[in-house]
Amino acid sequence: MSRLTTKELSFIEDEIRAEEITAKTMNWCASQCEDQDLRKLLEQLAEKHQLKTADLAQYFNRSGIIQ
């Protein structure tokens with residue numbers, strides 16, 4: 001498997017960071033929400049974003065694509 005370039009790694013890091021910010025924003029919105037159904041939905045969406053970023057980080061750590 002080929003190694004990623006610095007530019008490619010930078011792009012991936014930016015995308016992961018954006019996912020993390022999205023999850024934090026959704027959690028903040030949920031904490032401000034008075035509608036319980038909407039709050040629960042936002043919390044669930046935020047959790048999905050957090051799990052995706054964790055999966056991506058683990059993949060890149062295990063893959064050997066980056067050193």
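Start by selecting Asp-14 and Arg-17: both sit in helix α1 (residues 6-32), three residues apart, about one turn of the helix. Helices here are DSSP runs (H or I, at least four residues), numbered from the N terminus. An α-helix has 3.6 residues a turn, so residues three or four places apart point the same way.

Before going on, note that this is a predicted model: local features need pLDDT of at least 70, side-chain atom pairs count only at pLDDT 80 or more, and totals for chains, interfaces and linings use all residues. Residues are numbered from 1 along each chain as its sequence is written, and side-chain values use heavy atoms, with hydrogens and water left out.

Now zoom in on that pair. Asp-14 makes a salt bridge with Arg-17, and the closest N and O atoms are 3.0 Å apart. The term asks for a side-chain nitrogen of Lys or Arg within 4 Å of a carboxyl oxygen of Asp or Glu, and by this rule the count is one salt bridge. Asp-14 is partly exposed at 40% relative accessible area, and Arg-17 is partly exposed too, at 43%. The cut-offs: buried is under 20%, exposed over 50%, partly exposed in between (1.4 Å probe, protein chains only).

Next, colour the buried residues of α1: Ile-16, Ala-23, Met-26 and Ala-30.

Then hop to His-49 in helix α2 (residues 36-63). Is His-49 buried or exposed? At 18% relative accessibility, His-49 counts as buried. Show its contacts (heavy atoms within 4.5 Å): leaving out residues up to four places away in sequence, His-49 touches Glu-19, Thr-22, Ala-23 and Met-26.

Methods
Helix = DSSP H or I, 4+ residues; strand = E, 2+ residues; numbered from the N terminus.
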